[in-house]
Amino acid sequence: MLAADEWGGASSPPLVLLHGGGQTRRAWGRSGPRLAELGWRVIAPDLRGHGTSEWSADGDYDVDLFAADVRALVAELGRRPVLIGASLGGLSSLLAAGEPPRAAIRALVLVDVAHRPDPRGVRRIIEFMRRRPDGFASVGEAAAMVSAYLPHRPRPHDPEGLRNNLRRRGDRWVWHWDPRLLDSFEARTDPPGMADRLLDAARHADVPILLVRGGISDVVREDIAEQFCDRVPNARRVDVADAGHMVVGDRNEHFIDAIVPFLDGVE
């Protein structure tokens, strides 16, 4: 079962927000209400193994399982949604929309994810996630580590905002995701054939696709984004200046401004 937050009216057109690996649905805490104000029914789930959603009993977190979860969620909605997926959420959405059985969606927004990553950027993420397996003595200690990892992002005035990404384990705070996720993440950093598979899925999705790239991302370089859009006829791209891989967390208002024209054109 997937836990989720929801904003907006039940009769509004549905829009699903899918977070990145190692995050939770709280990553959309500012985006969800803003998009609801613009007339969408917004659903933001915790992916399996993250937040308060169920963990895989056997520790298996293959991307196909995430894609199957996206298909199931779309089917439950009863109306074709727009999918907005960041990183892992974007990969899952792309496969769900472009490979059989294809999820019936209206459009797809990929947030700093394309057909292949820069392996150096992915390694940096995994190295960060593997740090401090014993957790933190306080939320502030975790926030300090995040700030050191993201020096381009202004340090929050109140580190307690990070609490939603953590859970208690004894007298320590640990990240709110299954640590077994990391083994799957490392296995699919850039596996043979995956780039072609994702490009094929993007072409077969047969819906408008917007690639939102962080202007200073070290995961989706500019040449990777250009290649994706060159090879996928229904894709276009926009960059969010001064944002890294975590575009929404870095520059949320600029992210909203970047996607609104695309959403306004969705039929």
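**Salt bridges and burial**

Guide: In this predicted model, Arg-48 and Asp-69 form a salt bridge through their side chains, 2.7 Å from N to O. Arg-48 sits in the loop between strand 3 (41-45) and helix 2 (63-77), while Asp-69 belongs to helix 2, so the pair ties together parts that are 21 residues apart in sequence.

Visitor: Is Asp-69 buried or exposed?

Guide: Buried means under 20% relative accessible area. Asp-69 has 17% relative accessibility, so Asp-69 counts as buried.

Visitor: How many salt bridges does the whole structure hold?

Guide: A search finds 22. One of them joins the side chains of Arg-120 and Asp-118 at 2.8 Å, N to O. Arg-120 is exposed at 55%, whereas Asp-118 is buried at 5%. Another links Arg-132 with Glu-141 at 2.1 Å, N to O. Arg-132 is partly exposed, at 31%, and Glu-141 is partly exposed too, at 27%.

Visitor: Which side chain makes a polar contact with that of Asp-178?

Guide: The side chain of Tyr-61, at 2.7 Å. Asp-178 lies in the loop between strand 7 (172-175) and helix 6 (181-187) and is buried, with a relative accessible area of 1%. Beyond its neighbours within four places in sequence, Asp-178 is in contact with Gly-49, Trp-55, Ser-56 and Tyr-61.

Visitor: What covers the buried residues of helix 5?

Guide: Residues three or four places apart in an α-helix point the same way, because there are 3.6 residues a turn. In helix 5 (residues 139-149) the buried residues include Val-139, Ala-142, Ala-143 and Val-146. Their cover includes helix 4 (119-130), strand 6 (166-169) and strand 7.

Conventions:
Residues numbered from 1 in each chain as written. Predicted model: local features only at pLDDT ≥ 70, side-chain atom pairs only at ≥ 80, totals over all residues. Heavy atoms only, no water. Helix = DSSP H or I, 4+ residues; strand = E, 2+ residues; numbered from the N terminus. Buried < 20%, exposed > 50% of the residue type's maximum accessible area, 1.4 Å probe, protein only. Polar contact = N/O pair within 3.5 Å; in protein donor to acceptor, adjacent residues only side chain to side chain. Contact = heavy atoms within 4.5 Å. Salt bridge = Lys/Arg side-chain N within 4 Å of Asp/Glu carboxyl O.
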